[in-house]
Amino acid sequence: MNMRYTGPKVRLSRRAGVPLTRKAVRYFEARPYPPGEHGRKTSRRNTGDYGMRLMEKQKLRWYYDVSERQLRRYWDLAVRKEGASGAELVTLLETRLASLVLRAGLAPSIYAARQYVNHGHITVDGRKVDIPSYLVKPGQVIAVRQKSRTMQPFVAAAEGVYADDRPAGYLSVELSDLRFTLVSKPQREQIAIPVEEQLVVEFYSR
């Protein structure tokens, strides 16, 4: 299925076994089992090898909000790089413009981050970029457009409402100025995501 999942993100989080948005964290703590009447009885260990690999791939897709076709394209790119394919895949996904807008604290969720980019609120090196999948290079400066800064979500972002307690090591963030710089290529160990990418590698390598 190439379409993105657009249903309730909490339900999706329960299927994945990890909270995929900040809002889902609250619900997830209360009901940490898969959705549906049989959810409580479903053991993730009973899924089998293929099922586990498939689920990790789905989790990666959902976490970064990419289609099946996009993820496959990133995998093909990752395999061509010199580093470990799984780590390279995560790094590529992390350096998407929408991913970094979220990671820097300019958006409350990956879905909002993609929307902000789509709607033309984000600039890269001073020029509007409305492609969420744009791959940011080290040294590039991302910011909220001047005329978008009075919008409520960005006023909240400037106050640190969406920011993590500690900025990612590969970002230099000036939240009050609604801008950040990708200072270096993200290393896998710096990227906090609830996915075992080795299982994704096994899924694609089978």
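## Order of elements

From the N terminus on, the elements run α-α-α-α-α-α-α-β-β-β-α-β-β-α. The protein has nine helices and five strands. Helices (H or I, at least four residues) and strands (E, at least two) are DSSP runs, numbered from the N terminus.

## Model and confidence

This is a predicted model, in which local features need pLDDT of at least 70, side-chain atom pairs count only at pLDDT 80 or more, and totals for chains, interfaces and linings use all residues. Residues are numbered from 1 along each chain as its sequence is written, and side-chain values use heavy atoms, with hydrogens and water left out.

The average pLDDT (the predictor's confidence in each residue, from 0 to 100) is 86. At least 70 is reached by 77% of the residues. Residues 37-44 fall below 50. In the model, this stretch still has 12 contacts (heavy atoms within 4.5 Å) beyond near neighbours in sequence.

## Burial and surface

Of the 206 residues, 49% are buried. Buried means under 20% relative accessible area, exposed over 50%, partly exposed in between (1.4 Å probe, protein chains only). The protein exposes about 11,100 Å². Carbon and sulfur atoms supply 49% of that area. Accessible areas come from the Shrake-Rupley method with a 1.4 Å probe; for residues, only the protein chains shown count as cover.

Take contacts between residues at least 6 apart in sequence: 58% of them join residues at least 24 apart.

## Helix α9

Helix α9 spans residues 197-205. Its buried residues are Glu 197, Leu 199, Val 200, Val 201, Phe 203 and Tyr 204. Their cover includes α3 (48-64), α4 (68-80) and α5 (85-94).

## The sheet

Five strands form an open sheet in the order β2-β1-β3-β5-β4. Pairing is antiparallel; two strands pair if DSSP finds at least two bridges between them. β2 and β4 (171-174) are the edge strands, each with a single partner, so one side of each has no neighbour in the sheet.

β1 and β2 pair over two bridges. Val 124 has Arg 127 in β2 as its bridge partner.

## Positive phi

Most residues other than glycine have a negative phi. Asp 65 has a positive phi, near 55°. Asp 65 sits in the loop between α3 and α4. Asp 65 is buried, at 5% relative accessibility.

Asp 125 also has a positive phi, about 50°. Asp 125 lies in the loop between β1 (122-124) and β2 (127-128). Asp 125 is partly exposed, with a relative accessible area of 45%.
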